[in-house]
Amino acid sequence: MDEKLLANGGDKPKGHYTLTNDVEDLQLGMYDKPLPYFGWGIGWFCVLVGFIFPIMWYFATILYFCNYYQRDPRERAGLAASAIAALICTVAVVIALAAILL
């Protein structure tokens, strides 16, 4: 018996793989579609636009705390970055107002 054959009596040589699906059967996965906003998720889009319109950071923070990223886990990092940016912006505004008023 050839030593390259499988130990369980199979007829395939060791180290060779068998294709289990059809090559032409191209099914796209749930996360294979590109993200909106030029390939960025809504979170990263809000981070970038938030430097011009900071209200976008707060919008993305609301989405983050409402678990919007459950629809697409790729959105989580951008939404978290927006939440952090909103926190930093809020702290900066509070410090600035405290300095002006006191």
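## Overall architecture

The chain's secondary structure comes to three helices and zero strands, with helices (H or I, at least four residues) and strands (E, at least two) taken as DSSP runs numbered from the N terminus. From the N terminus on, the order is α-α-α. This is a predicted model, in which local features need pLDDT of at least 70, side-chain atom pairs count only at pLDDT 80 or more, and totals for chains, interfaces and linings use all residues. Residues are numbered from 1 along each chain as its sequence is written, and side-chain values use heavy atoms, with hydrogens and water left out.

Of the chain's 102 residues, 22% count as buried. Buried means under 20% relative accessible area, exposed means over 50%, and partly exposed lies in between (1.4 Å probe, protein chains only). A contact is heavy atoms within 4.5 Å. Among contacts in the chain with a separation of 6 or more, 48% join residues 24 or more positions apart.

## Helix α1 against helix α3

Two packed helices are described by the angle between their axes and the distance between the axes. Helix α1 covers residues 42-50 and helix α3 residues 76-101; they pack at about 30 degrees, with axes 6 Å apart. Axes are lines fitted to C-alpha atoms, for helices over the stretch in contact, and angles run from 0 to 180 degrees between N-to-C directions. α1 and α3 are therefore roughly parallel to each other. That label applies to angles under 35 degrees; over 145 is roughly antiparallel, 65 to 115 roughly perpendicular, and the rest oblique.

On the α1 side, I42, G43, W44, C46 and V47 take part; they meet A77, G78, L79, A81 and S82 of α3. The residues of this contact divide into seven nonpolar, three polar and no charged. Here Ala, Val, Leu, Ile, Met, Phe, Trp, Tyr, Cys and Pro count as nonpolar, Asp, Glu, Lys and Arg as charged, and the others, Gly among them, as polar. α1 passes α3 in a left-handed crossing: the near helix is turned anticlockwise from the far one by less than a right angle, whereas clockwise would be right-handed.

## Helix α2 and its two sides

Helix α2 spans residues 55-65, and its buried residues are W57, A60, T61, L63 and Y64. Seen down the axis of α2, they fall within an arc of 160 degrees, so they line one face of the helix. The arc is that of the directions from the helix axis to the C-beta atoms. These buried residues pack against α1 and α3. On the other side of α2, I55, I62 and F65 are exposed.

The axes of α2 and α3 come within 8 Å and cross at roughly 125 degrees. α2 and α3 are therefore oblique to each other. This crossing, too, is left-handed. From α2, W57, Y58, A60, T61, L63 and Y64 meet R76, L79, A80, S82, A83, A85, A86, C89 and T90 in α3. The contact divides into 11 nonpolar, three polar and one charged residue.

## Two residues in detail

S82 lies in helix α3. S82 is buried, with a relative accessible area of 0%. Leaving out residues up to four places away in sequence, S82 touches G43, C46, V47, W57, A60 and T61.

N67 lies in the loop between α2 and α3. Its phi is near 60 degrees, a positive value in a residue other than glycine. Most residues other than glycine have a negative phi. At 37% relative accessibility, N67 counts as partly exposed.
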